[in-house]
Amino acid sequence: MTQLLEVSGVSVTFDGFRAINNLSFNIGPAELRAIIGPNGAGKTTFMDIVTGKTRPDEGKVLWGDRLQSLLAMSEAQIARAGVGRKFQRPTVFEDQTVADNLMMALKAARGPLAVLFWSPKPADHARVAELATEVGLGDALGRKSGELSHGQKQWLEIGMLLAQEPKLLLVDEPAAGMTLAEREHTTRLLVDLAKTRAVVVVEHDMEFVRRLNCKVTVLHEGSVLAEGTLDHVTRNPQVIDVYLGRSER
Amino acid sequence: MTRTYLSRNPSVLWFLLILSGFTLGVTLLSQAYGVAFLSTSFIKTLGMTLCLCLVALAMDLIWGYAGILSLGHMAFFALGGYMIGMWLMYARTEAIVITALSNEALPATAQEIQNGIAAQIFGVVGASELPPVWLFAHSLPLQLLLVVLVPGLLALIFGWLAFRSRVTGVYLSILTQAMTLALALYLFQNDSGLRGNNGLSGLQNIPGLDGVSQDRVSVWFLWASAFALGLGYLLVAWVVSGKFGSVIRAIRDDEARVRFLGYSVEGYKLFVFTLTAIIAAIAGALYYPQAGIINPAELAPIASIYLAVWVAIGGRGRLYGAVIGAAFVSLLSSWFTGGRAPSINLGFYTINWVDWWLILLGLSFVGVTLFAPKGIGGLVDLWQGLRTPDRKGADLGPGDGSLLEKEAKK
Ligand SMILES: Nc1ncnc2c1ncn2[C@@H]1O[C@H](COP(=O)(O)OP(=O)(O)OP(=O)(O)O)[C@@H](O)[C@H]1O
Ligand SMILES: [Mg+2]
């Protein structure tokens, strides 16, 4: 099977500290993958590398059928190529309405001139309303997103991610601050999305990962410790030692 | 979405109405077209104030909306003035030289006229040849093109260098100050080709309008300035109203996040920087013929800082705020510094406003920043009963989103 994203031999050092150490990671075009690992394992840094925020010292990050190198591209170019990202802390534009946030994320031309002369068609308004309903913000379209609760901001950010229609979604701790019902909704949404695109989920919560029912990659000290089904990795003595044994949550 | 643009943006309509009313009122009070209640020099002041409002609009777009505190936009304003000033001076000198030479026995050759013009204009700096930058000064259309092109290109190149290396915040402000300072120092030199510290003068005499009195010309310029301000307002209001406006406000609030949405932040900044530089240049091209003179002191770094102060006092992030700030502060400033404000005698000390005005301005700036961050424009919110949270600068932390709701109910 051809891969959508191929990360190989990547290392990053912050002031002498190796946050990512010879990491390799592959994901196919329609696959759900969970990444787990103790605090400071390098999960967020891994996403930073793929999205172009952090440049690795060495290694390769290849994208798509044409094996394009993401390392030569800017954050915006990578996003336009089809990598969407949800941050650990919800980051939405608090000063703008839910509708404005979604409209900005909606897949469309991104250049300044194109955006200047762009005006929303009825289909765009409909799509925004549909997305808002999907993430439970259907009647909050006109509200400033700063007024939303933490969980609602998480949802709005997920909605913005969907609006971008990415080929690969990187989702950092989506369930943080959500109620049980919301978590279940998120699980269903992510599993659903992974039918048509690649989804990488970073999560601490084992129950959440179990419900995702997918291949799991365990990160530790910047490299892959184990990979396989959740049952497989949780039986791995090394994993038990570094992660499950010590930082049971 | 069937509502028209103006009905969705009532403040634009209000602004245009007030501007037209103002222009009409001033016209009716002018010497040339009305009851001669306002002096010609005051009408010039009002016309120039409209130009300052236009450049404040540009400042609000780049600072209030896109969050880039440029402290160099008055350089573009002055460059626009220089570009139009070159034609004004050339064409007028040409007329004088031709009249002078017509007394000679032989008709003057083109070369003689050219030399005469060069000697007239550059005698003061000890040169007798037209510098290459005056190549197009004989032609109004070309020089008008340069009003847009020269500041536009400078902004494009400067912005490209600065934004590409992701210079932001205070560093960018300092860089823009350095730009305007460097330009001013360059223009101060006699061999800069723009008459050094003499600058360009006699710009109020419009070539071809010799028979028309300044009373009339001043009103015409007021109309032109009001027209430019109206158009500029429409343009900027349109730019900030749609998705483009959303994106630049998003860049102001969290530019890293905007990148992950796929927008090239640098491209947007460069676009806004260049667009606002061009608006500033057009404002300058209308301002200096009314001022009559331009010299390198107009590019002093402090001029651009004043511009930011006007916008801050008027209320940045709303267009009419910038206009109100520029009009209010610059008119007040000319009142205080013009020696018309009565001195205050405290017995032991006399407050002379010419000296104290700047201190008053500085204090109001600090006061506005601390106590009324929305500036004068905030009064409109007060009047409309809008309330914004008083969070004392504290962030809305995760989970505290509902804070805004509580605050609104207060
Ligand atoms: N910009 C940076 N400068 C210096 N050190 C950094 C930087 N970013 C991350 N680190 C360090 O790299 C290590 C990996 O951090 P990262 O945020 O990727 O961990 P994580 O797996 O996401 O942890 P968590 O579960 O807490 O979110 C940490 O020790 C962190 O302190
Ligand atoms: Mg993390």
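The contact between the chains takes 33 residues from chain A and 27 residues from chain B, two residues being in contact if their C-beta atoms, placed from the backbone, lie within 7 Å. On the side of chain A that touches chain B, at least two residues each are supplied by helix H2 (75-81), helix H3 (98-105), helix H4 (112-116) and helix H6 (150-164) of chain A; helices (H or I, at least four residues) and strands (E, at least two) are DSSP runs, numbered from the N terminus. By class, this side of chain A has 12 nonpolar, 11 polar and 10 charged residues. Here Ala, Val, Leu, Ile, Met, Phe, Trp, Tyr, Cys and Pro count as nonpolar, Asp, Glu, Lys and Arg as charged, and the others, Gly among them, as polar.

The model is predicted: local features need pLDDT of at least 70 and side-chain atom pairs count only at pLDDT 80 or more, whereas totals for chains, interfaces and linings use all residues. Residues are numbered from 1 along each chain as its sequence is written, while chains are lettered from A and ligands numbered from 1 in the order in which they are written.

Ligand 1 is surrounded by residues of chain A, including Phe14(A), Asn39(A), Lys43(A), Thr44(A), Thr45(A) and Gln88(A); a residue is near a molecule if its C-beta atom, placed from the backbone, lies within 6 Å of it. Helix H1 (residues 43-50) of chain A contributes the largest share of this shell, three residues. The shell divides into three nonpolar, seven polar and one charged residue.

In chain B, the 20 residues of helix H2 (residues 10-29) should span 28 Å at 1.5 Å a residue, and the end C-alpha atoms are 29 Å apart, which agrees; the expected span is 1.5 Å times one less than the number of residues. Within H2(B), Val12(B), Thr23(B) and Val26(B) are buried, a state that requires 20 or more other C-beta atoms within 10 Å of the residue's own, with exposed denoting 12 or fewer and partly exposed the range in between, all C-beta atoms being placed from the backbone. These residues cover an arc of only 70° around the axis, which puts them on the same side of H2(B); the arc is that of the directions from the helix axis to the C-beta atoms. Exposed residues on the other side of H2(B) include Leu17(B), Ile18(B) and Leu28(B).

Helix H12 (residues 319-337) of chain B has 19 residues and reaches 27 Å from its first C-alpha to its last, close to the 27 Å expected. Its buried residues, among them Tyr320(B), Val323(B) and Ile324(B), pack against H2, helix H3 (40-65), helix H8 (214-241) and helix H11 (301-314) of chain B. Just after H12(B), Gly339(B) takes a positive phi of about 80°.

Of the 180 residues in the largest nonpolar core, Leu102(A), Val55(B), Ala56(B) and Leu57(B) touch the most other members; such a core is a set of buried Ala, Val, Leu, Ile, Met, Phe, Trp, Tyr and Cys residues joined through C-beta atoms within 7 Å. Helix H10 (residues 265-291) of chain B gives the most to this core, with 18 residues.

Most residues other than glycine have a negative phi.
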